[in-house]
Amino acid sequence: MNFVARLKKDLTGDAGARFVFVNNFEVERSWAVGEPKLPGAGISFAGATVNRMEEMGALLAGEGDFVVLKAPMDAAFAGYLARIGAADGTTLIAERNDPDAMVTEDALNSPELLARLRELADGNTYLMPLGISASEEVLAKESGLPLAGSTAQICKAVNGKVFSRGLVDTLGLRQVPGRVVHTVGELREALTAQLALGGRVVVKESLGVSGRGMVVVEDERGANRLLRLIERRGADAPANLVIESWIEHAQDLNYQFVVSRTGGVRFETVKAAVLKNGVHQGHRFPVELPPVAARELAEAVEKIGRALHDEGFFGMVGVDAMLAADGTLYPCLEINARFNMSTYQSRIAEKFIPEGRHAIAATFSLKLQREHTFAEVETALGDLFFTGAGDTGVLVNNFATLNAANTGEGSFHGRLYAICVGDSPEEALAVRTEAERRLAAMAGEDA
């Protein structure tokens, strides 16, 4: 049973169910509406680029499934995916596409798409969003397609960092030194106490996403700067922040498991961040953990999964963890009870990365002067361009984000998402490094 069939079995009870994938990346933006924010921590990468990450869903859908997209796929990119057998589902396009809106909002504003979704309602077809907010509940109602997941209220509740920290305490798992601050008036004492332990401190919004909604405090001076800005709100103002010590030289991990509708917990995968000269290169897989850490992680999966089900949650779960330099595992820094980047790489891994092969899931950030075609990307990558099962090289798994931020008014920042495949971890990293050089040359950047 492949990844998608396993997921369907867990969430609907039927491995043969049909999914309509709605890949509403950064659903946290919806959950965080009305929640307290850190000063200056909410600066976002271009929303138009983030919203086009939904194209990754094309590589997740199985045969018979559907994927809702904001716009048609580039013909050359779609042809490439078809040639290598990476996309088996059918795309459904929102006829009204606002670049700054999430795909769910576009779907709700597209009568023709809504009519097509209603035609799919056969009692065994489900909406499968990345994460469930109020908008996805409205889409389910409007389309007549049930959601393959928990309510928006439950999803928001279990995705907060404040919830994660409290759960880790309750379960008796090893915790990064820190505390939760519920009001602004508690922040000064908490920061002072945490800095007194030595080293840097990180302050996190409960529902921040993608590295935003957090501030790293280096020392007392930095703490005072933050306090001056936030204490203007008044001591009784809500804060809902997590204050933690920064663990230096640690290996960042992300693992993924599924909580079934009936409460079963099934582990899927673990990936590790890759750094080169201190710069993030992506996440590598497969990962072999030290035996003690592997055992502790497996125990954490079971405990966290059961606890989430007790809260009423079922669905995909990603957890950020950390392996300290001395081998100590911190098994839960943050729970992301939704699809994760790993989710979108799962079918790719099953089809194209057999045992003995290694991969790095990479993001290439480029400063562009104009739009670039997929043919230009293929030409730039040259012999690194992935051509199918058994090959090594660069498998592009999202092209829409490369040109999404182009407004026609000067330069813009683009992203290309890819899986870099090699016969060893070192070769996968070498592929990634050389691909970055070639793509920068295509963009006209200094390599």
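**View 1. Domain 1 meets domain 3 through 12 residues of domain 1 and five residues of domain 3, counted as in contact when heavy atoms lie within 4.5 Å.** The model is predicted, with local features requiring pLDDT of at least 70 and side-chain atom pairs pLDDT 80 or more, while totals for chains, interfaces and linings use all residues. Residues are numbered from 1 along each chain as its sequence is written, and side-chain values rest on heavy atoms, without hydrogens or water. An automatic or database assignment divides the protein chain into domain 1 (18-147), domain 2 (177-245), domain 3 (249-342) and domain 4 (353-443). Between the C-alpha centres of domain 1 and domain 3 the separation is 25 Å. The two domains bury about 600 Å² between them, with 69% of this on carbon and sulfur atoms (accessible area for a 1.4 Å probe lost on being put together, summed over both parts).

**View 2. Glu28 and Arg338 join their side chains in a salt bridge.** The distance from N to O is 2.5 Å; the rule asks for a side-chain nitrogen of Lys or Arg within 4 Å of a carboxyl oxygen of Asp or Glu. One salt bridge is found across the interface of domain 1 and domain 3. On the side of domain 1 that touches domain 3, the residues comprise 10 nonpolar, one polar and one charged (Ala, Val, Leu, Ile, Met, Phe, Trp, Tyr, Cys and Pro are nonpolar; Asp, Glu, Lys and Arg charged; the others, Gly among them, polar).

**View 3. The second largest pocket lies between domain 1 (18-147) and domain 4 (353-443), because both give residues to its lining.** A pocket is an open set of points on a 1 Å grid over the protein atoms alone, with protein on both sides within 12 Å along at least five of seven lines; lining residues have an atom within 4 Å of a point. This pocket has a volume of about 280 Å³, the space filled by probe spheres set on points joined across faces, edges and corners. Arg52, Glu371, Ala400, Asn403 and Ala404 are the closest to its centre among 14 lining residues. The lining holds seven nonpolar, three polar and four charged residues.

**View 4. The largest cavity has a volume of about 110 Å³.** Of its 17 lining residues, Met128, Leu130, Ile132, Ala337 and Arg338 are the closest to its centre. In a cavity a 1.4 Å probe fits but cannot get out.
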